[in-house]
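Here are my notes for the file. Please read them beside the coordinates.

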Amino acid sequence: MKPSHKRAASVAIMWFVILVIINVILPCVLGEESQSGDGTHWMDFWVVRLLLNLLGYATIFVPGYLLMRYLRNIRYNETAGNSILNEGGEIGKAPSFLSNLIKHCVFGNDDKVSLENAEEGGESPSGTEESHNPMKRGFTLVFCLVGLQGAYLTWGVLQERIMTFEYGKEDGQGEFFKNSQFLVFINRILAFIIGMTVIFLRRQPHHTTPLYKYSFSSFSNIMSSWCQYEALKFVSFPTQILAKASKVIPVMLMGKVVSKRTYQYHEYITAGMISVGVTLFLLNSGDVTRHKGSVTTISGVILLAGYMAFDSFTSNWQGELFKRHKVSSIQMMTGVNMFSCLLTGVSLLEQGGFFDSFAFMARHHLFVVHAIVLSLCSAGGQLFIFYTISQFGAVTFTIIMTLRQAFAILLSCVIYGHPVTFIALIGIVIVFVALFLRIYANQKKKSQNPTSSTTTTSKV
């Protein structure tokens with residue numbers, strides 16, 4: 001092995017070992033999050049938990065960045081397989097599998113393939129045969145509607161149950177489940193397994209994307225999910241749903257400031273309606289959460305803002321990958337979830353999160369059932385998203401998911417008894433009227449000025 005190769009590998013390994021040691025020692029020093037979350041322990045502060053998670057992800061990102069920079073500097077894709085030391089001490093070629101793996105991870109596969117082959121492997125557009133059969137098309141739409149609503153409404157109910165209610169309270173002193181990162185992991189690992197299964201069973205487009213590019217949207221996906229779970233400790237579930245519905249406002253502001261984008265009048269009007277609706281709800285909701293009396297605390301607002309920011313980056317980055325590399329939805333789902341499992345898995349191992357979570361499962365069997373159903377709903381929901389968009393397009397999907405948000409608020413209030421005043425109810429109605437007006441106006445604009453459709457992805 002060349003001295004330069006040894007130096008690069010040594011530096012990466014050194015950083016990996018240092019970060020592992022830090023991630024193992026820090027949780028032992030800081031202790032555990034208390035059940036009350038009253039600030040008596042360092043881990044009671046979500047900022048500390050966030051920093052620990054980021055240190056865990058750095059265990060992968062820092063050595064990975066150093067190795068990638070080195071491989072790019074030496075143009076490994078042009079000289080792949082040269083100069084390694086075999087067992088006999090002789091200079092030889094690297095195994096083709098390892099060489100190809102490195103190339104796929106860092107450089108991608110830029111081998112030219114015919115358009116015909118790419119189209120054969122790609123996802124076919126909505127079937128023309130079904131479009132001539134209205135009854136079959138109608139049944140397919142009902143199937144997608146029931147699948148999406150069932151998966152995500154169940155997921156929302158369980159998410160609130162897991163994060164805001166104590167387990168084992170009927171047998172004595174109850175305890176909250178505290179590790180949001182573990183919930184992200186179990187959601188992603190099942191989705192990854194399903195994605196890999198589909199890839200093996202169904203031919204996909206020729207894959208050219210460097211695998212490392214999935215890590216960016218994977219990181220933002222993890223962070224948005226983590227913020228979403230953590231926010232439930234400070235804000236009610238209906239508040240969180242309305243915050244998701246209002247994320248169009250920061251998106252417009254960012255587009256105006258950064259990209260100098262211009263918007264039409266209906267976009268400003270609907271954004272204003274959403275702002276008014278959310279304000280009415282927040283000022284007239286007397287709900288309580290896990291941290292009693294802290295419904296609209298600064299922590300909750302910051303976490304919801306973090307969710308919206310990371311979620312916006314995820315969709316934009318994935319959209320760029322769809323456009324540039326023509327990946328299929330299943331390839332995107334599998335690539336993102338692969339890195340999500342890697343990042344959260346390493347972080348949980350270092351912090352002892354798996355041990356604590358499995359111990360919690362052993363004490364509370366009901367949590368095991370909730371966690372399994374949560375994962376099934378998350379993975380199944382992603383498949384329904386891709387299938388619905390491929391069959392009916394993004395507009396139909398958006399309408400179904402907007403309805404889901406309204407149903408989720410109603411279901412949460414009915415099941416968990418969230419108090420909603422008349423004025424707060426008016427605020428909810430204003431938000432969803434604005435959303436449907438926005439969908440209608442955007443669709444009307446597209447029909448007058450047709451543009452190429454884009455593929456939509458989702459994170460749960």
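**Notes on the predicted model**

1. Among contacts in the chain with a separation of 6 or more, 83% are between residues 24 or more positions apart. Please keep in mind that this is a predicted model.

2. Overall make-up. The chain has 17 helices and two strands. It runs to 460 residues, and 46% of them are buried.

3. The pairing of α7 and α15. Helix α7 spans residues 180–201 and helix α15 spans residues 365–392. Their axes lie 8 Å apart and the packing angle is about 50 degrees. That angle makes α7 oblique to α15. The crossing of α7 past α15 is right-handed.

4. Who touches whom in that pairing. From α7 come F182, L183, I186, N187, R188, L190, A191 and I194. Facing them in α15 are F367, A371, L374, S375, L376, S378, A379, Q382 and L383. By type, the residues of this contact split into 12 nonpolar, four polar and one charged.

5. The largest nonpolar core. It holds 71 residues. Which of them touch the most other members? They are I162, F182, L183, L242 and F367. The element that gives the most to this core is α15, with eight residues. As background, nonpolar side chains in soluble globular proteins tend to be buried together.

6. Setting aside neighbours within four places in sequence, F182 is in contact with F177, L348, F354, S357, F358, M361 and F367.

7. Helix α9. Is α9, residues 237–245, enclosed or exposed? Nine of its nine residues are buried, so α9 is largely enclosed by the rest of the structure. The buried set is F237, P238, T239, Q240, I241, L242, A243, K244 and A245. Note that K244 is one of these buried residues.

8. Backbone points to check. Most residues other than glycine have a negative phi. R75 is not a glycine, yet its phi is positive, at about 55 degrees. R75 sits in the loop between α2 (46–73) and β1 (84–85). K326 is not a glycine either, and its phi is also positive, at about 55 degrees. The loop that holds K326 runs between α12 (298–325) and α13 (329–351). K326 has 57% relative accessibility, so it counts as exposed.

Key
Residues are numbered from 1 along each chain as its sequence is written. This is a predicted model: local features need pLDDT of at least 70, side-chain atom pairs count only at pLDDT 80 or more; totals for chains, interfaces and linings use all residues. Side-chain values use heavy atoms; hydrogens and water are left out. Axes are lines fitted to C-alpha atoms, for helices over the stretch in contact, and angles run from 0 to 180 degrees between N-to-C directions. Helices (H or I, at least four residues) and strands (E, at least two) are DSSP runs, numbered from the N terminus. Angles under 35 degrees count as roughly parallel, over 145 as roughly antiparallel, 65 to 115 as roughly perpendicular and the rest as oblique. A crossing is left-handed if the near helix is turned anticlockwise from the far one by less than a right angle, and right-handed if clockwise. Contact means heavy atoms within 4.5 Å. Ala, Val, Leu, Ile, Met, Phe, Trp, Tyr, Cys and Pro count as nonpolar, Asp, Glu, Lys and Arg as charged, and the others, Gly among them, as polar. A nonpolar core is a set of buried Ala, Val, Leu, Ile, Met, Phe, Trp, Tyr and Cys residues joined through side-chain atoms within 4.5 Å. Buried means under 20% relative accessible area, exposed over 50%, partly exposed in between (1.4 Å probe, protein chains only).
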